[in-house]
Amino acid sequence: MKEGSARKTDFATIIISVFMGVWGFAILYPYYNALIASIAPQKEYMLNPLMLFPRTITFDAYRFLLRGTNIMLGYRNTGILLVLGLPVSMLICTSTAYVMARKHYPGKKIVNFLILFTMYFGGGLIPLYILMKEIRLTNSLAGIALLGAGNTFYAILVRNYMLTVPDELEESARIDGASEITVFFRVILPLTTPILATVILFFTVDKWNEWFNVMIFVRDSKLWTLQVILRDIVFSSTSSTSNVSAMVSVEKTYYAQGLKMAAIVLTMAPVMMIYPFAQRYFVKGILVGAVKG
Amino acid sequence: MDTYRYNKKTRLHKKLFQHRSIYFFVVISLAWYVVFCYGPMYGLVLAFKDYNARLGILGSKFVGFKHYEYLFSEPEFWTALRNTITISFGRIIIEFPVPILLALLLNEVRGKGYKRVLQTTYTFPHFLSWVVVSSVAVNLLGSDGVINSLLTHLGMKSHNLLSNRGAFRSILYISNIWKESGWTAIIFLAAITAVSNEQYEASIIDGANRFQKAVYITLPNIRPTIVVMLLLAIGGIMNAGFDQIFNMYNPTVLKVSDIIDTYIYRITFQTSGDFGFSTAVGLFKSLVNFILLFGFDRLAKRLGEAGLF
């Protein structure tokens, strides 16, 4: 009886493991197929889009993309957004977290309310659009970096972690005559590095994936980030310089779908390569967040 | 003791002085919130004005509820509102249970290495943008794509699935499950690992099988997490997933996929460009959103759960 149930359990484990493997395959396959479409010649792919590996491999699509479109410019602009955005984001995020974590100071209730209220209510797109125009932050990557600098969710993650820092440490630093700013930089931040690493990664991914704000607030296509250029290449092009379909019809050797997939691969490759190593930091982030905000 | 002899005002001054350097951080933080969150809120007054760029927000003329009168008589708005609610409820019914199920199953997988590979695979699409994911979906579902190739092999006619009104919403649900369910499963998995081992051991003695353990021990234990996630989903009904829909929809399926956010985008940047009217639609959405979030947060607290934020 007991043996029977043990064998049954094993069988169930196998079924579950196989099912989960199939699920994982279903998640990965579409991306893999995009990769195949980007390196297979058109004839081969059209004949059999389901193939697991093409017989001939061509990098023509990539060569064309790097030469004939703004994709390199996109990499540069996304890089600029990261360099400009990360420091401001971390400054505002950690300040917000500290202000929420710090016990008793006059006005704390109002400050907390002002921060948390924005999670429930916002002005919406058009007032923001008018504001960005009025304070001249449109058409600039610095403007996009500033706009995306605050994030209340991430600030709450950091605050939760800060709350675990023992009060005595802060107290003793203060008794030693350390100012609030010294306490923040010398005591609090060093003790919260694990969550800071997580939040830096979250911000990095957000900025890498930034497209909406750039699409709305940046007219000049020379300032577009990678994602916006990808959008332009994949969904009916608007700017004449990267009008893939038009170029394809001129050059003939490339085909639109292969080019589009190559653009996708170029956009997601960095995330795919870094993610397996960074995964545990991301997961740690939501585990801390799950503690309660 | 001495401080009690000061009057209230000096005491406050002293307290402020004592804590003066925290305000350094308060100023940095609030500066951002005031400019980028509260600044736009002031612009909401445009919902009751006829916006004229030359006159600015302040100078534009008040028109009362004119925009709302027009809005509520506009069939396109009602379609968008109906779609928003339908798609959100569709997500709750179809998408919401998937991560819970995945977490329960993932918890049963033996072998640390295999489990880690699965986790990495499941969670990584969460970190891709909808621009990337919907491009991949378009490749898959387009008339030359893999799905159609399969359909023709099975003897069916190939057609672009993304232009199929009957299939479009299902595609939204499935692709969102494909992108996000793994990541959300991690939240539930974290709750599952926190369940004490003793309960499971006791149930084994009682002869509970794997399925019974999941239903009678794991699920009740992760109920608080499920409730909070569910309330969050219901509170966010007015957001039916702009990023996804905006990157996947096309004019053929507009009738079943146009939501409030895509409607606002189109009337502002593609058709009329009447900022006063667009603001009015945005304010309507923000208000309903606020009432829902606030209400469900209260409800969560009353039910003894942690609340949303």
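Helices (H or I, at least four residues) and strands (E, at least two) are taken here as DSSP runs, numbered from the N terminus. By that definition, chain A has 15 helices and zero strands.

Good morning, colleagues. The model is a predicted one: local features need pLDDT of at least 70, side-chain atom pairs count only at pLDDT 80 or more, and totals for chains, interfaces and linings use all residues. Residues are numbered from 1 along each chain as its sequence is written, while chains are lettered from A and ligands numbered from 1 in the order in which they are written.

I begin with chain A. A residue is called buried if 20 or more other C-beta atoms lie within 10 Å of its own, exposed if 12 or fewer, and partly exposed in between, with C-beta atoms placed from the backbone. Of the 293 residues of chain A, 40% count as buried. Two residues are in contact if their C-beta atoms, placed from the backbone, lie within 7 Å. Among the contacts in chain A with a separation of 6 or more, 72% join residues 24 or more positions apart.

Next, the domains, whose bounds come from an automatic or database domain assignment. For chain A, this assignment gives domain 1 (1–58) and domain 2 (59–293). Eight residues of domain 1 of chain A and ten residues of domain 2 of chain A take part in the contact. On the domain 1 side, H1 and helix H2 (42–47) of chain A each supply at least two residues, and H1(A) gives the most, with five residues. As to residue classes, Ala, Val, Leu, Ile, Met, Phe, Trp, Tyr, Cys and Pro count as nonpolar, Asp, Glu, Lys and Arg as charged, and the others, Gly among them, as polar. The side of domain 1 of chain A that touches domain 2 of chain A has five nonpolar, three polar and no charged residues.

Chain B is divided into domain 1 (2–62) and domain 2 (68–302). The C-alpha centres of these two domains of chain B lie 36 Å apart. Their contact takes seven residues from domain 1 of chain B and five residues from domain 2 of chain B. The domain 1 side of this contact in chain B divides into four nonpolar, one polar and two charged residues.

I turn to the cores. A nonpolar core is a set of buried Ala, Val, Leu, Ile, Met, Phe, Trp, Tyr and Cys residues joined through C-beta atoms within 7 Å. The largest has 119 residues, and A:Val158, A:Leu230, A:Ala263 and A:Ile264 have the most contacts inside it. Beyond its neighbours within four places in sequence, A:Val158 is in contact with A:Cys93, A:Thr94, A:Ala97, A:Thr192, A:Ile195 and A:Val199. A second, separate core of 17 residues includes B:Ile100, B:Leu102, B:Phe188 and B:Ile192.

The expected span of a helix is 1.5 Å times one less than its number of residues. Helix H6 (residues 97–108) of chain B has twelve residues and should therefore span 16 Å, which agrees with the 17 Å between its end C-alpha atoms. Among the buried residues of H6(B) are B:Pro99, B:Ala103 and B:Leu106.

Helix H7 (residues 112–123) of chain B also has twelve residues, and reaches 16 Å from its first C-alpha to its last, close to the 16 Å expected. Which residues of H7(B) are buried? They are B:Leu118, B:Gln119, B:Tyr122 and B:Thr123. Seen down the axis of H7(B), these buried residues fall within an arc of 115°, so they line one face of the helix; the arc is that of the directions from the helix axis to the C-beta atoms.

Finally, two loop residues of chain A. A:His104, in the loop between H4 and H5 of chain A, has a positive phi of about 25° although it is not a glycine. A:His104 counts as exposed because it has 8 C-beta neighbours inside 10 Å. A:Arg136 lies in the loop between H6 and helix H7 (141–147) of chain A, and has a positive phi of about 55°, again without being a glycine. With 9 C-beta neighbours inside 10 Å, A:Arg136 counts as exposed.
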